[in-house]
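We will go from strands to loops to pockets.

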Amino acid sequence: LKLGARGLVHEAPGPESLDLELQTIEAFPTGLSWRPARSVSIRASLGPVASPVRLDNGQSYTPAPGQLYVRYSPDAKHWSTWHALASTTEAKGYRFSGQLVVPRQASAEYHALLEKFMKLDVPWRSDEEACVRWILKSQPGFFAKHLPFIGYLQFLYEASLAGGQRLERLEVDVSYGLGGLHIAPKDPRARHGREGPWRFRAP
């Protein structure tokens with residue numbers, strides 16, 4: 001493989017393919033610093049479309065688009081399994097799409113603890129970052145057993161690149177909605193600077 005002006009290219013001539021794994025290392029945050037997402041929608045595009053490959057016997061085939069996967073974590077340390085996104089082929093490239101939704105069953109214990117936290121005398125009862133820290137004081141291994149929300153995302157692309165095939169771009173768009181009960185903080189200053197994405201990370 002060579003990375004250059006034409007993208008990531010499998011330079012070897014001929015039909016011999018090369019297995020590729022391309023994974024994002026950084027964990028991409030979602031939601032808000034005080035309220036993480038429970039579901040996300042993902043749309044991605046990868047291009048260009050692979051050109052037909054001619055075999056030694058004169059026949060040809062078009063390489064498959066490969067597969068894009070996503071996984072999520074509440075704390076950038078404990079991760080779900082990889083989830084495959086649906087793919088389609090268009091003129092300018094491949095499209096991948098899908099949705100991650102945390103089942104109520106998987107988040108039930110967290111929500112029970114969140115309800116207890118919201119009854120405490122704390123500066124901001126809707127601050128789930130503070131709730132997470134409160135939970136981990138008594139249950140340090142909580143996220144090793146439970147993945148109750150989508151704090152971060154990682155992506156993995158796997159494909160077999162034929163000789164001469166290249167990857168020029170990979171663009172991913174993530175959207176999410178947040179809802180539910182909100183209680184204003186006792187001191188409005190507690191919410192200052194908290195409109196950024198989820199930021200809690202495991203120590």
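**A strand and its partners**

Select strand S9 (residues 83-84) together with S8: the two pair in the antiparallel sense over 2 bridges. Strands are DSSP runs of E with at least two residues, numbered from the N terminus. Two strands pair if DSSP finds at least two bridges between them. Zoom in on tyrosine 69: its bridge partner in S9 is alanine 84.

Before going on, note that this is a predicted model, where local features need pLDDT of at least 70, side-chain atom pairs count only at pLDDT 80 or more, and totals for chains, interfaces and linings use all residues. Residues are numbered from 1 along each chain as its sequence is written, and side-chain values use heavy atoms, with hydrogens and water left out.

Now select all of strand S8, residues 67-73. Here 5 of the 7 residues are buried, so S8 is largely enclosed by the rest of the structure. Buried means under 20% relative accessible area, exposed over 50%, and partly exposed in between (1.4 Å probe, protein chains only).

S8 and S12 pair in the antiparallel sense over 7 bridges. Look for arginine 71, which stands opposite glutamine 154 in S12.

**Two loops**

Move to the loop between S8 and S9, where alanine 76 lies. Alanine 76 is not a glycine, yet its phi is positive, about 65 degrees. This alanine 76 is partly exposed, with a relative accessible area of 23%.

Next, select proline 48, in the loop between strand S5 (39-47) and strand S6 (53-54). The peptide bond from glycine 47 to proline 48 is cis, with omega near 0 degrees.

**Two pockets**

A pocket is an open set of points on a 1 Å grid over the protein atoms alone, where a 1.4 Å probe fits, with protein on both sides within 12 Å along at least five of seven lines; lining residues have an atom within 4 Å of a point. A volume is the space filled by probe spheres set on the points.

The largest pocket holds about 190 Å³ of space. It has 14 lining residues; select Arg35, Leu114, Glu128, Gly180 and Leu181, the closest to its centre.

The second largest pocket holds about 170 Å³. Select Thr24, Phe28 and Tyr176, which are among its lining residues. S14 gives the most to this lining, with 3 residues.

Conventions:
Helices (H or I, at least four residues) and strands (E, at least two) are DSSP runs, numbered from the N terminus.
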